[in-house]
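Here's a quick tour of one protein model. Have a look at the structure first, then read on.

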Amino acid sequence: MPRDFLKGAKDEYDVVVIGSGLAGMTSANILGRAGHRVLLLEQHYKLGGLATWFLRPGGHTFDISLHGFPHGMIKSCRRYWNRDISDRIVQLKNIRFDNPQFSLTTTFNREDFTRLLTTDFGLAPQTVSDFFDTARGMNFYDDQTTTTRQLFDRFFPGRDDVVRLLMEPITYANGSTLEDPAITYGIVFSNFMSKGVFIYEGGTDDLIARMKKELEANGVDIRINCGVDKIDVENGRVAAVHTRGRRIGCRAVVSNANLRTTILKMIGTEKLDRSFVEETEAVRLNNSSTQVYMALKEGEEIDESSGDLFFTSTSKEFRTDRLLSRDITSRTFSFYYPRARPDKKKERYAIVSSTNANWSDWADLSEEDYKASKADLVETTIDALDNYLPGVRDKIDLAEAATPMTFNHYTQHEMGASFGTKFEGLAVSRALPQQVGGMYHAGSVGIIMSGWLGAINYGVIVSNEVDGQLTSESSHVG
Ligand SMILES: Cc1cc2nc3c(=O)[nH]c(=O)nc-3n(C[C@H](O)[C@H](O)[C@H](O)COP(=O)(O)OP(=O)(O)OC[C@H]3O[C@@H](n4cnc5c(N)ncnc54)[C@H](O)[C@@H]3O)c2cc1C
């Protein structure tokens with residue numbers, strides 16, 4: 001008999017959370033902790049969404065999206081998860097860049113960037129200081145018509161090299177471009193500049209295991225392999241979700257699935273205002289990624305001077321379309337030393353190369369061409385790495401690639417979007433509860449709310465709203 005993944009699940013909960021990405025899990029945790037009856041439904045067999053990992057023979061573990069996040073994660077994890085988690089967050093001190101315009105190493109914070117911009121790049125200290133203050137002063141309610149390109153033109157006209165230093169890591173971190181609103185750049189950049197780049201020591205597997213433990217301690221009913229196909233709306237309010245042929249009633253739903261899928265497929269357009277449907281249809285997805293995972297043979301090592309995060313490019317100038325092109329010029333290497341998983345008995349070194357990518361470059365290939373393109377991606381990436389670590393090819397035990405198709409397969413994000421939607425998705429996500437009572441969305445949208453910290457913080461914001469709704473309904477009933 002097939003396993004019943006919903007065995008023992010109730011017919012009704014206060015709130016159902018669809019999807020166990022960082023936003024979904026954080027919402028579920030806060031709501032469970034507040035005493036609400038919470039059901040967390042995940043379509044995959046693992047929790048974590050894009051915050052995930054995989055194992056390969058030989059004692060190798062690969063992290064998918066553990067490359068770096070801002071210092072703010074420590075506070076968010078301490079408040080909304082626990083100290084066990086927040087105490088494992090450590091700084092990456094060795095961030096490197098190499099491209100035809102410059103080669104440098106930095107701790108990636110305001111102090112060190114000021115040093116670089118005023119000495120190596122020869123900018124006036126006042127200009128640099130004014131730029132940092134302007135970026136830090138930006139907030140969501142600011143003017144949204146100024147683009148990031150206009151912001152750079154204002155402070156650093158004609159300085160493509162400066163733009164590259166300031167922009168390339170952020171484009172990599174959330175897919176934003178020079179054409180996106182400047183606030184999306186300013187907020188994310190300033191988050192990083194406050195103290196640098198941080199990482200979770202122990203690996204994504206350790207983090208998600210600790211989050212699962214905390215969710216269980218807070219009474220959240222967690223179900224994997226339970227995809228939601230449909231959300232029932234009755235009299236303008238959410239009434240239930242459908243999963244694995246069961247209808248489960250609820251007073252609120254938090255969807256962590258892709259925004260467009262949630263609204264256009266799970267709720268369905270007929271229950272919504274035409275203008276809201278049109279607004280949703282106009283929301284652009286963010287780009288996807290490719291990655292190459294490389295593990296070293298037992299006993300082989302990488303010198304720590306290789307750095308932690310290494311932004312490389314062979315392109316003469318910085319152009320967003322080049323960053324996405326299948327003809328790859330930019331690769332960001334993350335080096336994982338044994339200290340990344342201090343509790344593991346086997347000492348292992350791994351390198352993950354990430355590049356932003358277009359869905360269309362992968363989705364329409366024949367099976368044969370797809371396989372060949374993946375093999376080419378692996379080979380050309382090892383070649384690129386070999387330029388920096390001569391002889392590394394012979395030290396590699398195994399190497400494999402993920403493409404936009406892989407990300408789509410595991411998370412069901414349309415077009416394998418790595419960072420949810422473009423900026424306009426945020427307004428649609430925020431407006432959803434006004435369209436359908438009790439219906440919320442929390443997950444990567446609008447650049448600001450994506451990435452590990454953005455997703456967790458959005459989960460916090462939304463769960464507070466759900467808590468407000470559930471608490472006020474209970475007090476009315478009481
Ligand atoms: C290659 C790559 C590298 C990255 N690197 C970094 C990095 O270094 N730092 C950083 O901060 N961020 C990074 N990110 C981004 C970061 O991982 C994501 O922004 C964040 O994890 C997204 O969290 P989320 O809550 O939006 O949900 P997601 O992780 O997108 O999860 C959504 C969940 O919903 C589930 N789901 C979907 N549909 C259904 C359904 N119908 N029913 C039930 N469940 C469903 C999915 O299976 C998934 O578990 C990276 C992303 C990628 C792809």
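Let's start with a pair of strands: strand 14 (residues 309-313) and strand 15 (residues 330-336) run antiparallel and are joined over five bridges. One of the links is between Ser313 and Ser330, the latter sitting in strand 15. Keep in mind that this is a predicted model.

**The sheet around them**
- Zooming out, you'll find an open sheet of seven strands with mixed pairing, in the order 7-6-14-15-16-13-17.
- Strand 7 (102-106) and strand 17 (396-402) are the edges; each has a single partner strand, so one side of each has no neighbour in the sheet.
- Going from one strand to the next, the twist averages 15°.

**Helices packed on it**
- Helix 14 (residues 367-388) packs on the sheet and touches strand 13 (288-296), strand 14, strand 15, strand 16 (350-357) and strand 17.
- The direction of helix 14 makes about 125° with that of strand 17.
- Helix 16 lies across strand 13, strand 16 and strand 17, and runs at about 95° to strand 13.

- Which residues here have a positive phi without being glycine? Gln412 does, with phi near 65°, and so does Met415, at about 55°.
- Gln412 is in the loop between helix 16 (404-411) and helix 17 (424-435), and Met415 also has its place between helix 16 and helix 17.
- Is Met415 buried or exposed? Met415 counts as buried because it has 21 C-beta neighbours inside 10 Å, and the cut-off for that is 20 or more.
- Gln412 has 17 other C-beta atoms within 10 Å, so Gln412 is partly exposed.

Terms used. Residues numbered from 1 in each chain as written. Predicted model: local features only at pLDDT ≥ 70, side-chain atom pairs only at ≥ 80, totals over all residues. Helix = DSSP H or I, 4+ residues; strand = E, 2+ residues; numbered from the N terminus. Buried ≥ 20, exposed ≤ 12 C-beta atoms within 10 Å, placed from the backbone. Pairing = 2+ DSSP bridges. Axes fitted to C-alpha atoms, helices over the stretch in contact; angles between N-to-C directions. Contact = placed C-beta atoms within 7 Å.
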